[in-house]
Amino acid sequence: MKEGFRQAMAWLHTWAGLIFGWLLFAIFLTGTLAYFKDEISHWMQPEVQAHALDDARSLTVAQTYLERVAPTAARWFITLPDSRDAGLSVMWQDKIDPGKRGNFITKTLDPVSGEAVQARESMGGEFFYRFHYQLQMPYPWGRWLTTIAAMVMFVALITGIITHKKIFKDFFTFRPRKGQRSWLDGHNAVGVLVLPFHLMITYSSLVIFMSMVMPAPILASYGNDTRGFFNDVFPATNNAPVLGQPGKLLPLVPMYEQARAHWAGGHVGRVAVNNPSDVNASVNVFRAGSDRVVHDFGSTVSFNGSTGELLRVSAEQSLPAAIGGSFYGLHMGHFAGPVLRWLYFICGLAGTAMIGTGLVIWLGKRQLKHAKTGVMPFELRLVEVLNIASMSGLMLAIAGFFWANRLLPVSFAERSDWEVQIFFIAWGLSLLHAMLRRGRQGWVEQLSLGALLFAAIPLLNALTTSSHLGVSLVTGDWAMAGFDLTCLASGVFLGWAAWKMHRRSVPQPKAERARGLTLKPEAH
Amino acid sequence: MKSKTSLPASYRLAVTSRVLAAVVGGYLMASLAAVCLALWMPTSRADAVITGMMSSFVFYLLAVIWCFACRTAWRAWFGVMLPSAAFATLAGVGFWMVRT
Amino acid sequence: MLLALLMCYAGFTALCLSTDRHHGELLHSKPSPRRRVGLRVLGWLLLSVSIWPAVSLAGWAQGLVEWCAVLMLSALLLVLLLPYRPRLALILAGVGLLASPVAAFATL
């Protein structure tokens with residue numbers, strides 16, 4: 001540690017990056033996919049029909065269904081369909097046990113017929129969304145781990161900036177076909193050029209779970225009354241308690257109209273009804289997150305469910321709430337239209353690539369020292385196996401998830417759970433494979449298999465459903481076509497990567513190898 | 001990177017100490033800084049708490065950077081505990097003021 | 001977004017050309033001090049002015065987000081093109097600048 005500030009930061013960057021890099025790669029890749037979770041769900045449940053959006057009809061249909069199926073539930077949630085998610089989603093919670101997380105039942109309804117959609121059971125894109133912040137771990141451990149990883153990511157980003165001595169001089173520098181130098185140039189390029197996104201996404205992920213990981217201020221300011229804090233920040237959660245007397249819930253549509261009038265034509269995202277069969281029923285109408293960049297958690301209009309009386313309109317956001325809402329809104333990207341959504345996706349891929357190239361560089365630099373002996377010490381072999389499993393292995397798992405969706409029988413009851421299990425089984429098998437095969441072979445074989453699986457998805461789609469490219473391109477179902485085409489492109493990319501990896505394992509001419517070994521040691 | 005056999009135990013101990021100072025000490029410092037902001041900011045209670053929580057991660061980052069940039073592991077702890085004590089004092093005063 | 005993209009890309013190209021190394025790679029000559037300053041000014045000007053079309057169409061919140069996205073990705077595009085298709089990279093900048101008034105007219 002006596003070497004100097006930059007060297008110390010380089011040390012920190014390298015070790016923090018390595019230890020959390022594998023986890024962060026998974027978080028970034030699945031998080032990036034989550035930007036298109038609705039489109040992924042659409043591909044994975046092609047039976048859900050899209051209809052012209054009619055909020056009044058959807059709301060009426062949902063209310064009728066819930067009154068029939070869950071009249072005595074403690075809470076109802078109705079999520080209205082929008083341009084990306086054609087499903088009318090209803091959710092209800094049987095009863096509220098204080099302190100325990102509720103038992104929720106979710107159903108997707110057809111907004112025209114009012115019946116539950118007969119679509120194959122699948123988590124769809126929601127799986128990637130959930131995974132990227134809670135992994136597959138029980139509550140709350142997954143979130144803690146991902147938030148810790150986010151803090152390490154933040155440290156890695158800042159130490160990376162400090163370490164990169166020639167950040168301005170090398171701003172436009174990318175020198176391919178030069179071995180380790182190229183990997184470092186690439187790492188720097190996707191890091192520095194997309195830095196605003198990386199800093200935003202990392203810091204905002206800390207802010208999103210800040211109440212959980214940094215509760216000290218809440219306790220210091222509110223003492224035992226943490227409920228009071230959440231009521232102040234989310235006024236819509238402060239609802240009238242059950243009175244015990246039966247009441248009749250009024251139609252929700254007029255309340256919806258009134259709420260929209262308050263927002264000068266803004267869109268409604270969700271409607272939540274508390275204690276619908278009680279005389280103290282309350283209805284909270286939430287504004288759609290896609291309306292604005294700055295997410296307003298408090299933007300709700302609340303009514304008494306049985307009298308229709310307007311109880312509360314949320315106030316203008318304070319500056320701190322707006323700042324918090326900005327972090328949330330920017331991270332989620334709900335407001336993004338199709339073009340901007342693709343840009344978010346590309347930025348996410350850049351972040352994923354930044355982490356991936358970092359992991360490759362870490363190993364590559366140290367492998368050079370052992371290249372002559374041909375035997376890798378245990379620690380390096382461990383890193384190599386984890387690199388392969390966490391990167392190409394994860395991609396195989398994702399492909400497996402999509403293949404399972406098309407191959408598992410539609411009527412199979414536990415198919416949703418099995419899709420997820422196959423994801424993890426594929427990932428586990430790739431880890432096993434990486435342990436059994438030598439480094440280069442492991443990469444080449446997994447990348448090749450990934451290339452095959454992804455490139456074949458449009459074909460798989462054509463063989464198993466009637467919503468393949470021939471149909472989706474003609475009818476203008478861009479989500480469906482986009483999914484097939486993106487998988488194809490991913491397959492091509494993985495194939496190219498496999499080919500390059502294969503070529504490098506072929507012995508190079510002596511001059512090139514010598515050049516590769518005499519790289520100038522940089523402060524990294 | 002030195003080869004495995006030549007890293008002395010004292011080095012490993014120092015690194016471990018710095019890591020603990022950064023992770024645990026840093027969290028403590030960040031929490032106390034956040035509490036200070038929450039108690040001292042002239043805005044509403046909820047707003048002050050939100051501001052405190054949002055800013056805490058910057059303090060955490062500074063603590064982590066200090067712990068690895070300073071010259072010895074002792075300095076790492078010192079550099080994190082001293083501000084923590086200062087924040088704790090300020091927070092204590094703020095808490096007492098709110099009470100009375 | 002298109003106009004902002006064209007301007008950002010051209011701006012980054014100008015900034016890139018203002019460095020000795022890249023000017024040498026792309027135009028096979030060393031830039032004179034005057035040219036260097038001129039390119040720097042042009043580059044920064046294009047980057048800052050490109051905020052205006054982004055914000056005027058979509059408002060400050062959405063506009064700034066779009067501008068940031070366009071800024072990052074135009075830089076990435078340039079840097080990835082430079083080693084493989086340097087002439088195309090330059091041509092795109094030139095075409096972009098020429099097309100800017102047309103894009104401005106069409107969208108604003």
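Q: How far apart are the C-alpha centres of domain 1 and domain 2 of chain A?
A: The two centres lie 20 Å apart, with domain bounds taken from an automatic or database domain assignment. This is a predicted model, in which local features need pLDDT of at least 70, side-chain atom pairs count only at pLDDT 80 or more, and totals for chains, interfaces and linings use all residues. Residues are numbered from 1 along each chain as its sequence is written, while chains are lettered from A and ligands numbered from 1 in the order in which they are written.

Q: And how many residues does each domain bring to the contact?
A: Domain 1 of chain A brings 29 residues and domain 2 of chain A brings 25 residues; contact requires C-beta atoms, placed from the backbone, within 7 Å.

Q: Which helix gives the most on the domain 1 side?
A: H13(A) does, with nine residues; helices are DSSP runs (H or I, at least four residues), numbered from the N terminus.

Q: Switching to chain C, how do H1(C) and H5(C) pack?
A: Helix H1 (residues 2–17) and helix H5 (residues 86–107) of chain C pack at about 150°, with axes 8 Å apart. Axes are lines fitted to C-alpha atoms over the stretch in contact, and angles run from 0 to 180 degrees between N-to-C directions. H1(C) is therefore roughly antiparallel to H5(C), a label for angles over 145 degrees.

Q: Which residues of H1(C) meet H5(C)?
A: Among them are C:Leu2, C:Leu6 and C:Ala10.

Q: Finally, how many residues does the contact between chains A and C take?
A: The contact takes 20 residues from chain A and 18 residues from chain C.

Definitions and conventions: Two residues are in contact if their C-beta atoms, placed from the backbone, lie within 7 Å. Helices (H or I, at least four residues) and strands (E, at least two) are DSSP runs, numbered from the N terminus. Angles under 35 degrees count as roughly parallel, over 145 as roughly antiparallel, 65 to 115 as roughly perpendicular and the rest as oblique.
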